[in-house]
Amino acid sequence: MSKDIVQIFDTTLRDGEQVPGCKLDMDQKLVIAERLDLLGVNIIEAGFPVSSPGDFKSVEAIAKLVKNATVCGLTRAVRKDIEVAAEALKHAKTPRIHTGIGTSDSHIKYKFNSNRDAIIERAVAAVSYAKTFVEDVEFYAEDAGRTDNEFLARVCEAVIKAGATVLNIPDTTGYCLPEEYGGKIKYLKENVRGIEKAILSCHCHNDLGLATANSIAGVMNGARQIECTINGIGERAGNTSLEEVVMIMRQHPDLNLDTTINSKLLYDTSKMVSNKMGMMVQPNKAIVGANAFAHSSGIHQDGVIKNRETYEIMDPSDVGVTESSIVLTARSGRAALAYRAKIVGYELTKTQLDTVYEEFLAYADSKKEVKDEDIHQIVETSKIDLQRIS
């Protein structure tokens, strides 16, 4: 059975850069954009052109640079925003304007002091105007996660008629549960006339730690685009993590969903973005964290040494990690010590290993981690008679 391709819309350079302290200069943005293109991202949201002269120039430069991906610029449902975005994108091989407006009752009342009918009129006007500049227009219904489904369907139907090619259904506040968000996508698939003319897109925030789960629920219910960032960076608690959704779909073939991402570049891309943005990746971060393929428990280490699949559901090389790490701590067992000792040149018999292991435990209790250089000292202190292997 052939797999459906889910488009990957990367917003690292727009939503990701909105994180305090993560401001990038143009050269840094160009390096990241080029890497995203190489990674196989389908759409790169390069910025919000009207927000500043610097952002305009960056979007314009990225539009000229990118060879394969669609280059997208964000706007509000404001004519000036759309005009500026169109100008910034005019050199793009395949440009997209991303425009929209808040649709939840909270946004309609407090942000716009408006009503539902007026919001639909503004949405249609924005999409229609954007359509005069580019063929590919994405509409976002901000705070769709808290928008009444029936009204959301009305908005989607209206903007499809106006020419929208992609419908972004954001869980802007990260509030939805996966069943709720997946159900919202399913409702739109089944109740919006003309839905076959547009792609439904998931844009989920991580305020409750559910961004990845919600995005997967969305594509399981018919969405075919996920909006995400490298390392899950983004406003507040962040966005959906690109590397997580890519590998979930790849590791679950029964979903019959895949992406065009070259997963072997994920780890290196994660490090690049982390370094350039000055945002450390937490060690226990899924897929690309320093501990994602590291084992320190003796039981786990013994299993992994015997057969990697006992405790690893992914081959580290699939995401660009050289190999699994067997980390020696006071929780490690004899199997791990023998494995690491052999790597640094000691082939220990069972009797020798028993002796060295007692010395190792005493040493490990005083240190967080036992390094390769420490093994030499431990073996020497154990006073066993052995020859180092070459």
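Strand β3 (residues 43-47) is largely enclosed by the rest of the structure, because five of its five residues are buried (under 20% relative accessible area, 1.4 Å probe, protein chains only). This is a predicted model: local features need pLDDT of at least 70, side-chain atom pairs count only at pLDDT 80 or more, and totals for chains, interfaces and linings use all residues. Residues are numbered from 1 along each chain as its sequence is written, and side-chain values use heavy atoms, with hydrogens and water left out. Helices (H or I, at least four residues) and strands (E, at least two) are DSSP runs, numbered from the N terminus.

**Barrel**
- A closed barrel of eight strands runs β2-β3-β4-β5-β6-β7-β8-β9, with parallel pairing (two strands pair if DSSP finds at least two bridges between them).
- From one strand to the next, the twist averages 25°.
- Strands of a sheet pair through backbone hydrogen bonds, either parallel or antiparallel.

**Neighbours of β3**
- Two bridges link β3 to strand β2 (residues 7-10) in the parallel sense.
- I44 in β3 is the bridge partner of D10.
- From β2 the chain passes through helix α1 (residues 26-39) to β3, in a right-handed β-α-β crossover (with the strands pointing away from the viewer, the path from the first strand over the helix to the second runs clockwise).
- β3 also runs parallel to strand β4 (residues 70-74), joined by four bridges.
- Opposite G47 stands G73 in β4.
- The β-α-β crossover from β3 through helix α2 (residues 53-65) to β4 is right-handed.

- β2 pairs with strand β9 (residues 225-228) in the parallel sense, over four bridges.
- C228 in β9 stands opposite D10.
- Helix α2 packs on the sheet and touches β3 and β4 (contact means heavy atoms within 4.5 Å).
- The direction of α2 makes about 150° with that of β3 (axes are lines fitted to C-alpha atoms, for helices over the stretch in contact, and angles run from 0 to 180 degrees between N-to-C directions).
- Helix α9 (residues 242-251) packs on the sheet against β2 and β9, its direction at about 170° to that of β2.

**Helix pair α7 and α8**
- Helix α7 (residues 178-191) and helix α8 (residues 211-220) pack at about 35°, with axes 8 Å apart.
- P178, Y181, G182 and I185 of α7 meet A213, N214, A217 and G218 of α8.

Key. Buried < 20%, exposed > 50% of the residue type's maximum accessible area, 1.4 Å probe, protein only.
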